[in-house]
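Dear colleague,

I am handing over the structure below, together with notes on what I found in it. Please read the notes with the model open beside them.

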Amino acid sequence: MGRWIWVMVLQLLVLVADSQNIHSSRRLVDDDTQADSPSPGVELVRDDQHVVMSNGIVSIRLTVPGGAVTNITYNGSDNLLLPEDKEADRGHWNIVWNTTERGKIIDNLEGTSYKVIVQNENQTEISFTRTWTVGSSNAPLNVDKRFVMLRDSPGFYSYTVLERLKGWPVFDLQNGRMVFKLDGTKFDYMAMSDVRQRYMPTSEDRENGEKLEYKEAVLLTNPSNPDFKGEVDDKYLYSCDNKDNKVHGWVSSNLSSGFWMITPSNEFRSGGPLKQDLTSHVGPTVLSVFISTHYAGVDLALKFESQEYWKKVLGPVFIYLNSDASAKTNPSVLWSDAKKRMLKEVASWPYSFPNSKEFVKSEQRGALSGQLLVQDRFVHKKPVPASSSYVGLAPPGKAGSWQFESKGYQFWTQTDEDGSFSIKNVTAGNYSLFAWVPGFVGDYKHASDITITPGSDIQTTNLVFDAPRNGPTLWELGIPDRSAAEFFIPDPDSRFKIHQYKQPVEKFRQYGLWARYGELYPQKDLIFTIGCSNYSQDWFFSQVTRNVGGQYVGTTWQILFDLKNVDKTGNYTLQLALASIHYAELQVRWNNPKSAPHFTTGVIGKDNAIARHGIRGLYRFYTIPVQGSSLLVGTNTIFLTQTQINSPFIEVMYDYIRLEGPTVSH
């Protein structure tokens, strides 16, 4: 009998050892991180006020029925979210909306009903819904927030379906996002690109700092890390174009762990590929922004009419967690791993696992491909490939309307060297085909709209963008790329310390550059001479106001150029492309600064790009006719007057200016 007991004990020891070896082997991956480690399966545990999803790697705890994330743990860690915040504010979706009777209202989209959609060892999906009723103070929307956890996955997914029914109250929707507030005692390093990543100041550093010209900007006067003293912290320093905003987040060097927001598709974001938005910032805070008016103004707010029906799926996004022991001294290793995971998520789009019937799966989508050529008859005799162009499908509208579009979906890609493109995984619907070509002004729109059906694969032919052109180039200023980055950008005021990244970041990402114009031009405004001046040195990147005796006044810039001959009866053309404009009016005059303006934009724009350290906002393009009788043989002057006053943030950022000779018929 004793012999059999010993045999059984030995067998149990062998089984335990094998189990430990299997468990250990499952925890190993090629890149030495702990991502994608197998787990026993996904579990769901519910009590009266909370529900917990866990897969042995990641665990998240949510309020019931509200659907706010209160706790996130990774590989047995403590809660990674800010414990001092109210439960509803640690991790949540929210929107900013308003009506004519009420100002801006923040709505955390708290659910009133909770439901398990799928629950098994391989996947759990839960739903938090809210149905709008007449008399409710909530935004007039039906809400379905979803959270999904998969087996062996080092993170979780979330998406939201918003719906507005006909006849509901009129309102504007200005902002829609997902927010996570992390524990500042744990997370100290932030990354959103290969260059823009660094150890960060703390919330306390901001509270103890000096408030600058707007609340988001704070001068660090006594930071916990003395190396940061003299720097300016501002969340807009970390903004990013939609096309580049695929992964960002924070690293805890103490825990050797990372917390990342991965957005695998831009189709549900507003404003197209060049729309800029917030990423991560001091808090520590991690965002995924789907709808916003940043760098654009109210033109990008969703404005609902009484009889308008609307529904949209925002996401899914993936909240990814990773770890590596070497991150204690080299936190960037987790950024590199997060980029790899982002590529994996992008390759998996559209996901197959969401269970909402509103999320369109791959088999329900279509595709479009073709080749785009560009024609400028004064540069090339025949159309040439539109290489590196942005080509996209967006809701029907006029040329360029995609950058104002926020209600529908957009699908964009870039052409290759011969102008070929392929847009895949497009949801069924009716679209306009848009494009813009670096090096050429204006916007392309295909002559007819395109209907995508499930499984369709449309081949487009004979796509030629006839770039705006009336006559030969007499002179040009800048590069037509929808940005003011090629112009002169000064160093900031010496009292603002520039953070030393491992590699230099773009110069426009500094605080206070608007004030440098008045310091460089204290008495007279900018004068640029064609043929002598250099736009990278002599053309300030933004035409702003000047502070004169405590008052901000308008400015007038001059472009001087010589003409050997003038056709007094001819029609010349000024092609004017703006990269951004904010509460400004630009007036154009020829050779007489006191004449009535030959052209004016009127007071337009709410881009606010210069205050938010941007180099572009909404693109605006004007073809301005110029009568030959307005020009002189010899020296001519164009006067560019910005008329608005009383703010340092009034701006005109130029993209490109070209004067063309007399109109030539095709």
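Leu219 has Val232 of strand S16 as its bridge partner, and the strands here, like the helices, are DSSP runs numbered from the N terminus (strands being E with at least two residues, helices H or I with at least four). Strand S15 (residues 218–219) and S16 run antiparallel and are joined by two bridges, which meets the criterion for pairing, namely at least two DSSP bridges between two strands. These strands belong to an open sheet of three, in the order S14-S15-S16 and with antiparallel pairing. Strand S14 (210–211) and strand S16 (232–233) are its edges, each pairing on one side only.

Before going further, please note that this is a predicted model, in which local features need pLDDT of at least 70 and side-chain atom pairs count only at pLDDT 80 or more, whereas totals for chains, interfaces and linings use all residues. Residues are numbered from 1 along each chain as its sequence is written, and side-chain values use heavy atoms, with hydrogens and water left out.

A cavity is, on a 1 Å grid over the protein atoms alone, a set of points where a 1.4 Å probe fits but cannot get out, while a pocket is an open set with protein on both sides within 12 Å along at least five of seven lines, and lining residues have an atom within 4 Å of a point. Grid points are joined across faces, edges and corners, and a volume is the space filled by probe spheres set on the points. Searching the whole structure gives three cavities of 30 Å³ or more. The largest cavity has a volume of about 180 Å³, and of its 16 lining residues, Val232, Leu237, His499, Arg509 and Gln510 are the closest to its centre. Its lining has nine nonpolar, two polar and five charged residues, where Ala, Val, Leu, Ile, Met, Phe, Trp, Tyr, Cys and Pro count as nonpolar, Asp, Glu, Lys and Arg as charged, and the others, Gly among them, as polar. The second largest cavity, of about 130 Å³, is lined by 15 residues, with Leu274, Lys275, Gln403, Gly617 and Leu618 closest to its centre.

Two or more lining residues come from each of strand S5 (91–98), strand S11 (172–181), helix H3 (203–207) and strand S22 (285–291), and S11 gives the largest share, five residues. By class, this lining has 11 nonpolar, 14 polar and 13 charged residues. The second largest pocket has a volume of about 650 Å³, and among its 25 lining residues the closest to the centre are Pro264, Ser265, Asn266, Trp412 and Thr413.

Finally, some backbone details deserve a look. The peptide bond from Val64 to Pro65 is cis, with omega near 10°, and Pro65 sits in the loop between strand S3 (58–63) and strand S4 (69–74). A cis bond also links Trp349 to Pro350, with omega near -5°, and Pro350 lies in the loop between helix H4 (332–347) and strand S25 (365–375). Leu109, a residue other than glycine, has a positive phi near 55°; Leu109 is buried, with a relative accessible area of 2%. Arg482 likewise has a positive phi, of about 65°, although it is not a glycine, and it counts as buried at 5% relative accessibility.

With best wishes

Terms used. Buried means under 20% relative accessible area, exposed over 50%, partly exposed in between (1.4 Å probe, protein chains only).
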